[in-house]
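Hello,

Here is the structure I promised to pass on. Please open it beside this email and follow along.

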Amino acid sequence: MAFNPQQISPIDFNPSAAVGVDLPFNGNAVFKSNYQTKDAIKNNLINFFLTNPGDRFLNPSFGGGLREFVFTQISDDNIDFLKEDISSKLELYFSNIIITSLNIFRNDDFNSINIELNYEVSNTNITDTLNIEF
Amino acid sequence: MATTPNRDIKYLNRDFTDFRNRLIEFTQTYFPDTYNDFSQASPGMLFMEQSAYVGDVLSFYLDNQIQENFIQYARQTNNIFELAYMFGYKPKTTGVAQTDIDFYQQLPAKTISGSTVPDFDYALTINDNTTVSPSQGNSSFLIQDKIDFSISSSQDPTELSVYQISGTTPQYYLLKKTRKAISSKINTTSYNFTTPTQFTTINLNASNIIKILDIVDSEGNTWYEVDHLGQEMVYNKISNTNVNDPNNVQDSGEVPYLLKLNKVQRRFSTRFTSLSNLQIQFGAGTTKDSDEVITPNPNNIGIGLPFKQDKLTSAYSPTNFLYTDTYGISPSNTTLTVRYLTGGGVSSNIPSNTLTTPSTTDITFNNINLNQTTADYIFSSISSNNPQAASGGRGGDTLEEIRQNSLALIASQQRSVTAEDYLVRALSMPSEYGALSKAYIEKPKLTDDQVSTIETLNLFCLGLNSLGQYSQPSNTLKKNLRTYLSQNRIIGDNIEIRNAFIINLAVNFEIIVLPEFNNNEVLLGCIAELKDYFTRDKWQINQPIMLRDIFILLDKINGVQTVKNIVFNNKAGTTSGYSQYSYDINGATQNQVIYPSLDPSIFEVKYPNQDIKGKVVPL
């Protein structure tokens, strides 16, 4: 019988040990800690997509760079390009994340799009969905 | 009460990566429950990397500040300028070209007792800072020393020749004098001052500033440039005339100026803040302080020190021994007229025979009541020329040159410490105060019954007479030299300025000439070579004569087969024009070397045309 072990981060077993910090920074002391790896990864993804390449010192290519697309025409070609761009960047910077589905929904009436990213973290039982609208 | 736990803080981090890794390590060690996500996408890492960034920037500026504190490593122009001034080096923003300019004037002839002589009543004086314009280009030149055609001396000879004859009688003579000139132009600007301000500064904006020529206020007072405002004493030169000093006027030909040490209140210091801005700073005192000639004495040295006890432990400089706290006068309710020199640069290296137009503004006759027609003709006869091309013009100091020159200056601080310092200092005295031809310094020799001497150093010196031969320096020259050396003399040094002894020689030699050569030609070649060998510029006090060198010298001359004999004879006796001191040449000759006397002396072939004789002898 095939055996597929699932790893769980030890921090997740320690309820008092914080993993990272949540976005946005609106906690009582600015920072609001998160205590589960799943939350930390989601925040990391949000942080990644909100960072523009060139923002990080000595790490110029880091960042999803979604702001670059804000004023781009909503067209099928551009949406395909965006999908491809997100996939390749996630593969580069989040090698442990497996994209289960990446959907981009057009809302032409409001000049916005909605990115729905379903993913799982390899070798863990973590699955999650990230929605970004802009 | 909460106490701050001890943290292991490492201070060796220098760059971003070091700081970042150390912050991660620090967080893992001391905050294991607060933060654990150290991946690059984590929002927390954003802040850690920002902190590392700040650390990196601070490290850079720390390194940069340290670097800019050392002249060896400083890179910013203004810092290198400041550091250079700290070392006492004044950066040059331009390099001036120099050349010799010949000045000519005609003189009418006059008859005295049946013989025709030049009429020196029509001699002209060309003042210092007279401009000479070139026939091509824009670089005008400036002479720094006055020309008086009526005076001729060894330091400032006048060439006299017949310019025009009428029949067989000279009608006009031509006088020629030579002066060094620098490529520069005098500029004038003025500044108004109302209420006095302590340490007020003015800025002179111009390119290629060479130096401040002078500053004069509305009342006609001269302001003196000093190295720093704490310097109260400056050298001042006054003409060696009967009015100024009747005791030394007899030496005015050899020593045209007397050197005096003056205490000046009207003073300023300058510094370049950039290549095109010269900042001039004045002191903080009031006009009640006056300029005067100060002779240091126990009552005025340290007069500005509040407590007598301080005199015991204070360090004194000969340029600031009064310790007044005004640092000179701050100008007020006056207008300062600043004359400054600009020029230099590569374009100022002008070719020869181009400096032909002297400015006649500063040329005057020495006498009045002259025949107007003749005077007009003579005045229009003034001309000039530069037989050699000007050279030395260049841009200002590069940053690397400022750096190297400043470091070199450390070794030559303005103090005479060693005997060689005194020697070089003595030889560097400007010739207008009487030029030394030769100088030699040594510690005094003790006699058998002596354990010490009053003087710590003996400076032996020689001047030149009007024929360019060695002579004993005049007392006026020695007085000037004493004043000149006093500025840099160590307080414990007692220098005795003495005359060196002159030993006059005659040379007789015998040579054998190769068969195919003309005897006279070879002989003349040998004499010319010996004349060159005994040129005064090549000899020093206490320099021995190496006979072997002279044999080799003559042997090398084309046509000489063998140098058979060289004999040196002493020539002495003032009646025949030689030194009063006779010398036993044979006794002083050992192993083919003629040694000078124990008391410092110099060998001189005084009349080479008659004292160097040669003979061709058969094989």
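**What I found**

Just after helix α3 of chain B, B:Gly88 takes a positive phi of about 90°. Helices here are DSSP runs of H or I with at least four residues, strands are E runs of at least two, and both are numbered from the N terminus.

First, some ground rules. This is a predicted model: local features need pLDDT of at least 70, side-chain atom pairs count only at pLDDT 80 or more, and totals for chains, interfaces and linings use all residues. Residues are numbered from 1 along each chain as its sequence is written, chains are lettered from A and ligands numbered from 1 in the order in which they are written, and side-chain values use heavy atoms, with hydrogens and water left out.

**Helix α3 of chain B**

Stay with α3(B), which covers residues 77-86. Which of its residues are buried? They are B:Ile80, B:Phe81, B:Leu83, B:Ala84 and B:Tyr85. Buried means under 20% relative accessible area, exposed means over 50%, and partly exposed lies in between (1.4 Å probe, protein chains only).

Now go to α9 (residues 519-533) and α10 (residues 547-555) of chain B. They pack at an angle of about 140°, and their axes are 10 Å apart. Axes are lines fitted to C-alpha atoms, for helices over the stretch in contact, and angles run from 0 to 180 degrees between N-to-C directions. α9(B) and α10(B) are therefore oblique to each other. The classes are: under 35 degrees roughly parallel, over 145 roughly antiparallel, 65 to 115 roughly perpendicular, and the rest oblique.

Which residues make the contact? From α9(B) come B:Cys526, B:Glu529, B:Leu530 and B:Tyr533. From α10(B) come B:Asp549, B:Ile550, B:Leu553 and B:Leu554. Contact means heavy atoms within 4.5 Å.

**Two buried residues in chain A**

A:Asn59 lies in the loop between α1 (37-50) and α2 (76-93) of chain A. Is A:Asn59 buried or exposed? A:Asn59 counts as buried, because its relative accessibility is 16%. Leave aside its neighbours within four places in sequence, and A:Asn59 is in contact with A:Tyr93 and B:Gln40.

A:Asp85 sits in helix α2 of chain A. A:Asp85 also has 16% relative accessibility, so it counts as buried. Beyond its neighbours within four places in sequence, A:Asp85 is in contact with A:Gly64 and A:Phe69. A:Asp85 and A:Gly64 are 21 residues apart along the chain, and their C-alpha atoms are separated by 8.5 Å.

Chain A has two helices and five strands. From the N terminus on, its elements run β-β-α-α-β-β-β. Of its 134 residues, 37% count as buried. Take the contacts in chain A between residues at least 6 apart in sequence: 34% of them join residues at least 24 apart.

Chain B has twelve helices and 34 strands. Buried residues make up 42% of its 619 residues. Among contacts in chain B between residues at least 6 apart in sequence, 73% join residues at least 24 apart.

Over to you now.
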